[in-house]
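Have the sequence and the model in view as you read.

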Amino acid sequence: LILWIPVLAGSAYMVISDRSSVFTLWQEQERVGQVADDLLTGKIDQPPEWALKEGLALFSAMQTNVHHHAHDPQRWLKLSEMFLSFGATESGLEALSRAYRLAPDNEDVAMMYAQTSFFAQGGSLDDNIRRTLQGVLDSSPNKEEAQMMMAMGEARAGNYEQAQEWIGKMRSSFEQ
């Protein structure tokens, strides 16, 4: 009985479950997997025309590739760009968040994450965006994009004196 129960349960799973989606994913990986990897690593900027016709397969292969290389912030950044280009802001923000967590010292990733979060929240600064922008400003005090977002966020929050301070800092960096 102890031997037959696992055997019967395994057999029932094999007979009853529908694994066609897994097989489809494997076939898609085989067809467009290398193109997805080349796009995510920056080896190519545009997929070949034949791969564009396989749009859903390419999208799926890119997501799978990113998850297989989960410690590569550039792949997460490329995936976020893809999500954002299709208007999937929430998924794009999640991918950007992962890229930022993997490379918090990368100013470009930090600014893209802060800008996308800032505008997704209607131009308001939450603690996370403020902390990200402050990190950028700590390493690059004259970063105009970060100063502008701080000024806009403070003005939107009704902190007009702080917004004026940020505008003054931007003005002095322009003069330099």
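P73, W76, L77, L79, S80, F83 and L84 in α5 meet T89, S91, G92, A95, L96, R98, A99 and L102 in α6, where contact means heavy atoms within 4.5 Å. This is a predicted model, so local features need pLDDT of at least 70 and side-chain atom pairs count only at pLDDT 80 or more, while totals for chains, interfaces and linings use all residues. Residues are numbered from 1 along each chain as its sequence is written, and side-chain values use heavy atoms, with hydrogens and water left out.

**How α5 and α6 pack**

- By class, the contact of α5 with α6 has 10 nonpolar, 4 polar and 1 charged residues; here Ala, Val, Leu, Ile, Met, Phe, Trp, Tyr, Cys and Pro count as nonpolar, Asp, Glu, Lys and Arg as charged, and the others, Gly among them, as polar.
- Helices are DSSP runs of H or I with at least four residues, numbered from the N terminus.
- Two packed helices are described by the angle between their axes and the distance between the axes.
- For α5 and α6, the angle is about 165° and the axes are 8 Å apart; axes are lines fitted to C-alpha atoms over the stretch in contact, and angles run from 0 to 180 degrees between N-to-C directions.
- α5 and α6 are therefore roughly antiparallel to each other, a label for angles over 145 degrees, whereas angles under 35 count as roughly parallel, 65 to 115 as roughly perpendicular and the rest as oblique.
- The crossing of α5 and α6 is left-handed, a term used if the near helix is turned anticlockwise from the far one by less than a right angle.

**How α7 joins in**

- Helix α6 covers residues 89–102 and helix α7 covers residues 107–120; their axes come within 9 Å and cross at roughly 150°.
- That angle makes α6 roughly antiparallel to α7.
- On the α6 side, the contact is made by T89, L93, L96, S97, A99 and Y100, and on the α7 side by V109, A110, M112, Y113, T116, S117 and A120.
- Sorted by class, the contact of α6 with α7 has 9 nonpolar, 4 polar and no charged residues.
- The axes of α5 and α7 come within 12 Å and cross at roughly 30°.
- That makes α5 roughly parallel to α7.
- Q74, L77, S80, E81 and L84 of α5 make this contact with V109, M112 and T116 of α7.
- The residues of the contact of α5 with α7 divide into 4 nonpolar, 3 polar and 1 charged.

**The nonpolar core**

- In soluble globular proteins, nonpolar side chains tend to be buried together.
- The largest nonpolar core here has 36 residues, and those with the most contacts inside it are L58, M62 and L133; such a core is a set of buried Ala, Val, Leu, Ile, Met, Phe, Trp, Tyr and Cys residues joined through side-chain atoms within 4.5 Å.
- Helices that each supply at least two residues of this core include α2 (20–41), α4 (55–68) and α8 (127–139).
- The largest share of the core, 6 residues, comes from α7.
- Leaving aside its neighbours within four places in sequence, L133 is in contact with M111, A114, L125, A146, M149 and M150.

- A114 is found in helix α7 and counts as buried because its relative accessibility is 1%; buried means under 20% relative accessible area, exposed over 50% and partly exposed in between, with a 1.4 Å probe and protein chains only.
- Not counting residues up to four places away in sequence, A114 touches I129, T132, L133 and M149.
- L79 is found in helix α5 and is buried, with a relative accessible area of 2%.
- Beyond residues up to four places away in sequence, L79 touches L40, Q63, V66 and A95.
- W166 lies in helix α10 (residues 160–175) and, at 11% relative accessibility, counts as buried.
- Among the residues that W166 touches, not counting those up to four places away in sequence, are Q134, L137 and M150.
- G33 is found in helix α2 and is buried, with a relative accessible area of 14%.
- The C-alpha atoms of G33 and N65 are separated by 7.7 Å, although the two are 32 residues apart along the chain.
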